Amino acid sequence: MATYDLIVIGAGPGGYVAAIRGAQLGLKVAIVEREHLGGICLNWGCIPTKALLRSAEVFHLMQRAGEFGLKADAISYDLKAVVKRSRGVASQLSAGVKHLLKKNKVDVVMGEASIPAAGKVKVGKETLTGKNIIIATGARARELPGLEADGDLVWTYRHALDPVRMPKKLLVIGSGAIGIEFASFFNTLGADTTVVEVMDRVLPVEDEEIAAFAKKQFVKQGMKIMEKSMVKKLDRSKGKVTAHIETGGKTITAEFDTVISAVGIIGNTEGLGLEALGLEIDRTHIVTDEYCATKISGIYAIGDIAGAPWLAHKASHEGVMVAEKIAGQKVHPVKPESIAGCTYCQPQIASVGMTEAKAKEAGLDIKVGRFPFMGNGKAIALGEAEGMVKTIFDAKTGELLGAHMVGAEVTELIQGYVIGRQLETTEEDLFHTVFPHPTLSEMMHESVLDAYGRAIHF
C-alpha cells in the first residue's frame with residue numbers, strides 16, 4: 001500500500017498543477033487520471049477549441065485580403081485538416097503535462113478512483129494512502145431531457161471538436177462561452193447558424209452593453225439570434241432534426257442538419273463514493289470553504305467540481321493555493337470576482353469584476369468610461385475597428401470595480417485590468433500609467449480617462 005502526503009484525483013488544469021506545486025514544496029505526491037493527462041480543458045476543451053477558432057480567424061482574414069492590398073484567390077478550407085491540427089495541438093500539450101509530472105517526480109496512476117474512507121484512494125485493485133486528497137474531477141456537458149446528444153445529429157462540445165461533417169444548417173442551444181464559440185467557428189466557415197438563448201440576451205453573464213455590441217456583430221456576420229426562446233423538443237429523422245422552439249408566446253418549428261447543445265455543465269461526482277463519505281454536494285458540485293476545504297479534514301475540492309466560475313485558470317490557481325496550504329505555507333483564498341472570463345468568438349469578449357448593472361444593484365455610486373476601437377490607431381491599422389473597452393469605478397474611492405471589453409485581442413488585454421484589481425489600483429494610478437503607442441492597450445487608458453471626463457481621443 002503506497003503512502004503519500006497528497007493524492008490528487010484528476011489530471012486536468014487544476015489537478016496536475018496542484019500535484020506539481022505540491023511536489024515542488026517537498027510533498028510526496030500521486031495523481032490519478034482515468035482518461036487523459038491534461039483533462040478535458042487541454043484535450044477536449046480550452047486548447048483544441050482555440051486551435052479551431054484560430055483556423056477560422058485566419059480563414060476570415062484571408063477572405064478580407066483585398067482590404068489589406070493583398071490578393072488571395074479561390075480561398076477554401078479542409079475541415080479534416082483543421083481538426084487534425086487542433087488534435088495535434090492537444091496531443092502535444094498532453095505529452096508536455098506527462099513530462100512535467102515525471103520531471104517533478106509525481107507518481108501517475110491511470111484508472112478510475114474512488115474514496116472508500118478519508119485518507120484512502122482506491123484505483124482498481126490498488127489502494128493508495130494519503131494524508132491529504134484533492135478532488136479535481138472536473139465537469140461534463142449538461143444534457144437536457146429530449147435534447148440528448150447522439151454524436152450524429154445532436155452534438156455536445158466534444159462531438160463538435162471532432163465533427164463527423166461540416167454543418168450546413170446549424171442550431172446552437174445556449175449562448176454562453178461554449179455555445180457562442182462553436183457558433184462563431186462554424187458560422188465563419190459558412191454554416192447557416194441559429195443561436196437560441198433562454199435568457200433575455202445572448203452572453204447573459206456579460207455586461208449588457210458589451211453583449212448587445214457583440215450580438216450586433218454576430219448578426220452582421222449572418223448569425224440568427226433568438227433570445228427569450230427555448231428548444232422544447234427535437235424530432236430526429238434521417239439527416240435532419242426538426243426543432244420545436246418556443247418564442248414570443250408561440251411554438252415554431254425549424255429544420256437543421258446539426259444541433260449543438262451547450263446548456264451548461266454538471267460536476268463529475270459519480271463513482272467516487274462522496275455521499276458515503278458524507279461530503280456535502282449542491283447541484284452536482286462539492287461544497288467547500290474559501291480555501292477549497294470540504295467538511296472532512298484532509299479532503300479538498302478544486303476547479304469545476306467545486307463550482308463557479310468554471311474556468312481552467314481558476315482551477316489552476318486553486319490547485320496552487322491548496323498545495324501550498326497543505327505544505328504549511330500562508331495562502332490567500334481565490335477571489336472569484338477578480339478572475340477574468342474570456343470568450344474567443346469573433347469578436348472576442350473579456351471581462352473581470354462587476355458589470356454596470358451589478359454595481360448599481362449593490363447601491364454603489366459609479367463612474368463609467370468607454371472607448372471605441374475606432375478611436376485607436378493600432379485597431380484601425382489592424383483592420384479591427386469594431387469594438388469597445390468599458391470600465392466601471394467606485395466614484396467615492398476610485399476602486400476599479402469592473403472592466404469589460406469586446407473586440408480584437410481583448411482576451412490578452414484584460415489581464416492588465418486583472419493585475420490592477422489585484423494591486424487595488426485606483427483611477428489615479430491608471431491616469432499616471434504610460435501606455436505604449438501604438439497599441440490596443442491605449443484604449444484601456446482612454447476608457448479610464450473617459451470615466452472621469454478626461455478622454456483625449458474621443
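Author: Thr-194 belongs to strand β10, which spans residues 192-196. This is a predicted model, in which local features need pLDDT of at least 70 and side-chain atom pairs count only at pLDDT 80 or more, while totals for chains, interfaces and linings use all residues. Residues are numbered from 1 along each chain as its sequence is written, and side-chain values use heavy atoms, with hydrogens and water left out.

Reader: Why is Thr-194 called buried?

Author: Its relative accessible area is 6%. Buried means under 20%, exposed means over 50%, and partly exposed lies in between (1.4 Å probe, protein chains only), so Thr-194 counts as buried.

Reader: Which residues is Thr-194 in contact with, leaving aside its neighbours within four places in sequence?

Author: They are Leu-170, Leu-171, Val-172, Lys-224, Met-226 and Phe-256. A contact here means heavy atoms within 4.5 Å. Across the protein, 62% of the contacts with a separation of 6 or more are between residues 24 or more positions apart.

Reader: How do you know that the protein agrees with a compact globule?

Author: The radius of gyration is taken over C-alpha atoms, and the globule rule is 2.2 Å times the number of residues to the power 0.38. For 458 residues the rule gives a value near 23 Å, and the protein has 23 Å, so the two agree. The C-alpha atoms fill a box of roughly 65 × 65 × 45 Å along the principal axes, and 52% of the 458 residues are buried.

Reader: What makes a group of residues a nonpolar core?

Author: It is a set of buried Ala, Val, Leu, Ile, Met, Phe, Trp, Tyr and Cys residues joined through side-chain atoms within 4.5 Å. The largest such core has 37 residues, and those touching the most other members are Phe-182, Phe-185, Phe-186, Phe-218 and Ile-260. Two or more residues of this core come from each of α3 (46-63), α4 (79-103), α5 (157-161), β9 (169-173), α6 (177-188) and α7 (208-220). Phe-182 itself touches Thr-49, Leu-52, Tyr-157, Ala-160, Leu-161 and Ile-260, when residues up to four places away in sequence are not counted. There is also a second, separate core of 29 residues, including Ala-11, Val-29, Ile-31 and Val-97. As a general rule, nonpolar side chains in soluble globular proteins tend to be buried together.

Reader: How do you know that helix α1 is mostly covered?

Author: Of the 10 residues in α1 (15-24), eight are buried. They are Gly-15, Tyr-16, Val-17, Ala-18, Ala-19, Ile-20, Gly-22 and Ala-23. These residues pack against β1 (2-9), β2 (29-33), α4, β6 (126-135) and α9 (312-326). Just after the helix, Gly-26 has a positive phi of about 95°.

Reader: What makes Arg-283 count as exposed, and what about Glu-409?

Author: Arg-283 has 68% relative accessibility, above the exposed limit, so it counts as exposed. Glu-409 has a relative accessible area of 34%, in the middle range, so it is partly exposed. Arg-283 is in the loop between β17 (281-282) and β18 (285-286), and Glu-409 is in the loop between β24 and α12 (410-422). Neither is a glycine, yet phi is positive in each: about 50° for Arg-283 and about 60° for Glu-409. Most residues other than glycine have a negative phi, and most peptide bonds are trans.

Reader: Where are cis peptide bonds found?

Author: One runs from Gln-346 to Pro-347, with omega near 5°, and Pro-347 is in the loop between β20 (341-343) and β21 (349-353). Another runs from His-437 to Pro-438, with omega near -5°, and Pro-438 is in the loop between α13 (427-431) and α14 (442-451).

Conventions. Helix = DSSP H or I, 4+ residues; strand = E, 2+ residues; numbered from the N terminus.
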